Amino acid sequence: MSAAAAKAKRAVRRPVSIASFAQSENVRRDDQHNEVEMLMPVVAEVFANIGITKNDIDFICSGSSDYLIGGPFSFVTALDAVGVWPPMPESHTEMDGAWALYEAWVLLQEGEIDAALVYSFGRSSPGNLNEILALQLDPYYLAPLWPDPVSVAALQARALIDAGKGSEEDFAAIASRSRKDALSNPKAQVAHDIPVETLLRDEYVVSPLRRHTLPPITDGAAAMVLAAGDKAREWSDKPVWITGFDHRIETHSLGGRDLTSSPSTAKAADVAGVADGPIDVAELHAPFAHQEIILKEALGLDDGVTINPSGGALAANPIMSAGLIRIGEAAARIASGQAARAVAHATSGPCLQQNLVCVLEGE
Amino acid sequence: MSGQTTAEELGPVTTLATPIRLDFEFTPGVAQSRFLRGLEKGKFVGQRCPTCGKVYVPSRGSCPTDGVPTTEDVDLGNVGTVTTYCVVNVPFAGQSIEIPYICAQVLLDGADISFMGLIQEIPTDEIRMGLRVEAVWVEPEELTPSLASVRYFRPNGEPDADYETYKDYL
């Protein structure tokens with residue numbers, strides 16, 4: 001693709017703003033509320049933030065997975081949290097809410113709607129996450145072996161060390177910094193200030209991954225309102241604009257990938273135009289500490305970029321929502337004036353198999 | 001090598017069995033827990049939407065029309081109306097009731113949504129829309145927070161309900 005063609009491809013046809021964002025408390029185990037009850041206060045908050053109601057919304061898209069709670073069509077019953085009457089166009093992705101956001105954004109690009117609600121929810125506590133996540137692997141050669149996600153991530157971390165791209169000290173430094181930053185995030189599940197030397201005394205969970213390099217297991221939900229046209233200005237004095245958006249996927253065969261790099265992230269970053277201007281803040285969905293190193297390289301981020309000021313997925317990892325939350329956190333940094341241009345990233349699948357990149361800018 | 005079969009002789013693998021079993025803990029939530037605790041006491045507890053006034057039984061915690069929490073409990077009686085039904089004549093795996101039997105949607109008096117129940121103590125060819133029925137519960141010491149506490153519904157002897165009273169709930 002020529003430079004001009006690449007530029008044309010990444011051109012955003014219609015500006016879309018992130019008008020509002022809300023997330024639930026992130027907890028290890030919410031055994032009090034069902035999915036509707038988890039979502040309802042989050043949806044109410046995302047509307048109340050900008051003084052709108054469901055009647056101002058043209059389209060709803062959600063992201064969730066029935067495998068997490070073992071209940072069929074939980075995404076349909078979850079709509080009860082919004083109350084879709086009169087009937088409203090609605091869609092669902094069996095993906096992190098970041099992909100639901102992408103679908104809503106594409107529809108907004110077409111110009112037929114002006115406002116969309118995106119939400120996602122994930123309850124990791126009702127089942128055994130190690131078993132559930134094994135089922136996202138290739139069903140013929142990998143899934144029958146039931147490899148747990150920590151072991152699969154450990155293969156990647158080991159490959160990274162062998163390639164000379166990172167060390168256990170580097171992983172510990174990322175975990176230490178992330179959870180220290182999480183102290184200022186009221187929604188963080190795991191936040192503390194523990195120095196690298198102390199972390200390195202942790203036992204291995206699966207070598208070379210020690211406990212601190214793992215994401216917490218989290219129940220949580222998040223919601224976002226997107227606006228275009230007049231509504232974007234009406235609902236915000238200082239809109240946060242999506243100026244680049246793309247997602248790419250790699251083969252599901254782990255043996256067919258170089259686990260130490262992320263070409264799908266690099267490709268998405270190119271199409272989204274990450275390098276078209278300076279990046280102040282990056283919110284990266286790196287559930288395992290070592291994955292930040294891979295993503296930083298793929299996105300071409302220099303050491304001047306503030307990474308995961310929220311603490312990232314190491315502070316809270318509500319499955320199906322953690323990616324959408326990265327975009328919400330990055331937008332919040334722009335809305336507050338702390339950043340002018342930010343990149344947010346979401347991932348899905350084992351070892352960063354599928355990646356989404358979203359560039360956000362203020363005015 | 002004599003006696004061993006080669007891969008070529010066996011031909012390509014055409015099927016692969018990969019047994020999967022996952023176990024989950026169900027979280028009914030605050031609203032459904034109130035319904036289930038009601039069953040444990042031998043009664044149906046619905047919840048009212050503060051916006052439209054409709055009564056859901058069971059409620060999942062919100063009014064699906066208005067998207068607001070259903071906070072007010074409503075004790076519903078034991079009596080309702082069959083809005084629609086089917087007679088099950090087909091045996092299937094795991095069937096615990098002798099066929100033929102009647103599966104019906106029962107609209108409890110005071111509720112705005114029907115739910116599925118087993119109808120007994122009536123010949124299958126006499127089941128009809130509008131039939132008035134009452135719940136038959138298990139013995140008090142057998143009550144649990146589960147729909148298993150309701151053994152079945154049976155005709156309660158009242159005249160059939162007028163179609164106008166349930167036509168909006170079909």
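Reader: How many helices and strands are there in chain B?

Author: This is a predicted model. Chain B has 2 helices and 8 strands. Their order along the sequence is α-α-β-β-β-β-β-β-β-β.

Reader: Is chain B a compact globule or more spread out?

Author: Compare the radius of gyration with the globule rule. For the 170 residues of chain B the rule gives 15 Å, and the radius of gyration is 23 Å, well over that value, so chain B is more spread out than a compact globule. The spans of its C-alpha trace along the principal axes are about 80 × 40 × 35 Å.

Reader: What share of chain B counts as buried?

Author: Of its 170 residues, 26% do. Sequence separation is another thing to read. Take the contacts in chain B between residues at least 6 apart in sequence: 55% of them join residues at least 24 apart.

Reader: Now the interface. How many residues of chain A are in contact with chain B?

Author: Interface size is often quoted as the accessible area lost when the parts come together. Here we count residues instead. Chain A brings 25 residues, and chain B brings 23. On the chain A side, α2 (35-48) and α6 (129-134) each supply at least two residues.

Reader: How is chain A divided into domains?

Author: Domain 1 covers 9-128 + 217-234, and domain 2 covers 135-215 + 243-361. Their C-alpha centres lie 22 Å apart. The contact between them takes 34 residues from domain 1 of chain A and 27 residues from domain 2 of chain A.

Reader: Which elements give two or more residues to the domain 1 side?

Author: In chain A they are α1 (3-10), β1 (16-23), α3 (66-69), α5, β4 (115-123) and β7 (219-228). Helix α5(A) gives the largest share of that side, 6 residues. The classes on the domain 1 side are 17 nonpolar, 11 polar and 6 charged.

Reader: Let's follow α5(A). At what angle do the axes of α5 and α13 of chain A cross?

Author: Read the distance and the angle together. The axes of α5 (residues 97-110) and α13 (residues 322-335) of chain A come within 5 Å and cross at roughly 65°. From α5(A), the residues are G97(A), A98(A) and L101(A); they meet G323(A), L324(A) and I327(A) in α13(A). This helix contact has 4 nonpolar, 2 polar and no charged residues.

Reader: Which residues touch the most other members of the largest nonpolar core?

Author: The general idea: in soluble globular proteins, nonpolar side chains tend to be buried together. In this model, the largest nonpolar core has 116 residues, and L39(A), L101(A), A104(A), A116(A), V118(A) and L226(A) touch the most other members. The largest share of the core, 9 residues, comes from α5(A).

Reader: Why does this core lie between the two domains of chain A?

Author: Because domain 1 and domain 2 of chain A both give residues to the core.

Reader: What does A104(A) touch?

Author: Leaving out residues up to four places away in sequence, A104(A) touches F59(A), C61(A), A116(A), V118(A) and L226(A). There is also a second, separate core of 18 residues, and its members include F44(B), L107(B), A111(B) and A135(B).

Note on methods: Residues are numbered from 1 along each chain as its sequence is written. Chains are lettered from A and ligands numbered from 1 in the order in which they are written. This is a predicted model: local features need pLDDT of at least 70, side-chain atom pairs count only at pLDDT 80 or more; totals for chains, interfaces and linings use all residues. Axes are lines fitted to C-alpha atoms, for helices over the stretch in contact, and angles run from 0 to 180 degrees between N-to-C directions. Helices (H or I, at least four residues) and strands (E, at least two) are DSSP runs, numbered from the N terminus. Two residues are in contact if their C-beta atoms, placed from the backbone, lie within 7 Å. Ala, Val, Leu, Ile, Met, Phe, Trp, Tyr, Cys and Pro count as nonpolar, Asp, Glu, Lys and Arg as charged, and the others, Gly among them, as polar. Domain bounds come from an automatic or database domain assignment. A nonpolar core is a set of buried Ala, Val, Leu, Ile, Met, Phe, Trp, Tyr and Cys residues joined through C-beta atoms within 7 Å. A residue is buried if 20 or more other C-beta atoms lie within 10 Å of its own, exposed if 12 or fewer, and partly exposed in between; C-beta atoms are placed from the backbone. The radius of gyration is taken over C-alpha atoms; the globule rule is 2.2 Å times the number of residues to the power 0.38.
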